[in-house]
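Dear colleague,

I am handing over the structure we spoke about, and my notes on it come after the file. Please read them alongside the coordinates.

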Amino acid sequence: MTIQGEIRPGYKQTDVGVFPKDWDVVHLGEIGSFSKGQGIRKDQANSGSVPCVRYGEIYTFHHEIIREFRSHISPDIAKTSKKLKVGDILFAGSGETKAEIGKCVAFLDNIETFAGGDIVILSPTRGDSRLLGYLLNTPAVARQKASKGQGDAVVHISATALSTLVFALPSSEKEQRAIAAALADADAFIAALEGMIAKKRDLKQAAMQHLLTGKTRLPGFSGEWEVKRLGEVAAIRNHKINTFGADAAAFCVELEQVGQNTGQIDGHSDARSRRSVKYLFQKGDVLFGRLRPYLRKFWWANRDGVCSTEIWPLIPIGDRLVSGFLFQTLQTDAFIEAANSSYGTHMPRSDWKALTKFEFNLPTDPNEQTAIAEVLSDMDADLAALEAQAAKARAVKQGVMQELLTGKVRLV
């Protein structure tokens, strides 16, 4: 039995934690040399066919390894840009917060590719680059990068600062490659799930285009459709309450708890101990996030509760509109485009007065509305199941990374 605080046989205490005895503690500057990317303007990033990486894409698009390219430059621009070498590690040299500064990706392709400005490049002479892509984004290393970031409004990190990062590395390159391969397998499984999700989402969009416009009719329905303005058939449930001590506030949905483009909520809170004003909503109401509407946050409530005033609880007026049909209509590109005609620049909000004029097609038969909503809801359920599976796979991968990259679990 291992006593708490006792180091397991075969392990050692280091300045960065407990690791296997045959792992080395190294500074990043010891395993390679640094260089810098060169500026590629936004208008140049799609001027040709030569792949390039811009620093913002490291945050928004790439993960630990570059697998495809979002930007391409012309051969002329490439002549004055920084060419990457296979195995280079690319760090984002600037960012909005210290917590994310220095996020990195490994470049493993034998394709002529160039790096834009604000990218710090490490060319390793030691260590498996695929493994480094994973290892240098772990929480322990990210905390070191955060402590070395400089600036407030825009945070920067230099090659000199990155060179001082300390971490443990398996001394055996065979073990490095084995760990990297195991994590790559996890990534491949996640990528396959994400591909299935993307295909099903495309199918859902196509089905919405046909079913919500009447281009395709479900069997058994032949009634008329009419064009309605949203304000004629729907309204905001404009009932606000103080949450302190209110029973309804036991189930409180904040904007950050509504998934982006999933139609699901990721959680809820109990607001009964807080003094705040919230919208009251009821089962069957359609909740839509009015703050930054381009994020596509919506939920068809399956119970009563309260929500942030940055969320509209929308309800049908009378019996001309079925709430399920309203829920699907709010997901269309046309509605999101109308909702984005908002006020505010930094934190745009939808304008309900303007949205009341939004026009959409509506079957006069409520039964047809319900049937259409059920077909699309079944597709939503399939998507939600895949999203849950992908989320579980990502969580498993994080757990595996923690075990393998600290040496707690050794591969045979």
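This is a predicted model: local features need pLDDT of at least 70, side-chain atom pairs count only at pLDDT 80 or more; totals for chains, interfaces and linings use all residues.

Residues are numbered from 1 along each chain as its sequence is written, and side-chain values use heavy atoms, with hydrogens and water left out.

Space in the model was searched on a 1 Å grid over the protein atoms alone, where a cavity is a set of points at which a 1.4 Å probe fits but cannot get out, a pocket is an open set with protein on both sides within 12 Å along at least five of seven lines, and lining residues have an atom within 4 Å of a point. Grid points are joined across faces, edges and corners, and a volume is the space filled by probe spheres set on the points.

The largest pocket holds about 1,200 Å³ and has a lining of 44 residues, with His63, Glu64, Lys103, Lys397 and Gln398 nearest its centre. Among the elements that give two or more residues to this lining are strand S2 (17-20), helix H6 (173-211) and helix H11 (366-404), but H4 gives the most, with seven residues; helices (H or I, at least four residues) and strands (E, at least two) are DSSP runs, numbered from the N terminus. By class, the lining of the largest pocket has 20 nonpolar, eleven polar and 13 charged residues, where Ala, Val, Leu, Ile, Met, Phe, Trp, Tyr, Cys and Pro count as nonpolar, Asp, Glu, Lys and Arg as charged, and the others, Gly among them, as polar.

There are two cavities of 30 Å³ or more. The largest cavity, of about 130 Å³, is lined by 13 residues, including Arg201, Asn261, Gln331, Asp380 and Leu383, which lie nearest its centre, and H6 and H11 each supply at least two residues of that lining. The second largest cavity, of about 30 Å³, has seven nonpolar, one polar and one charged residues in its lining, to which S20 gives the most, with three residues.

The whole structure has 23 salt bridges, each being a side-chain nitrogen of Lys or Arg within 4 Å of a carboxyl oxygen of Asp or Glu. One of them joins Lys397 and Glu64 (3.1 Å, N to O), linking helix H11 to the loop between H1 and strand S6 (71-73) across 333 residues. Lys397 is buried at 7% relative accessible area, and Glu64 is buried at 10%; buried means under 20%, exposed over 50%, and partly exposed in between (1.4 Å probe, protein chains only). Arg296 and Asp333 also meet in a salt bridge (2.6 Å, N to O), with Arg296 in the loop between S20 and S21 and Asp333 in helix H9 (residues 333-339). Here Arg296 is buried at 17%, whereas Asp333 is partly exposed at 47%. Salt bridges with shared partners also join Glu64, Arg67, Asp187 and Lys397 into one network.

Finally, Ser129 lies in helix H3 (residues 129-135) and is buried at 13%; beyond its neighbours within four places in sequence, Ser129 is in contact (heavy atoms within 4.5 Å) with Gly87, Ile89, Ala106, Leu108 and Pro124. Gly48, in the loop between strand S4 (32-36) and strand S5 (50-53), is partly exposed at 35%.

Best regards
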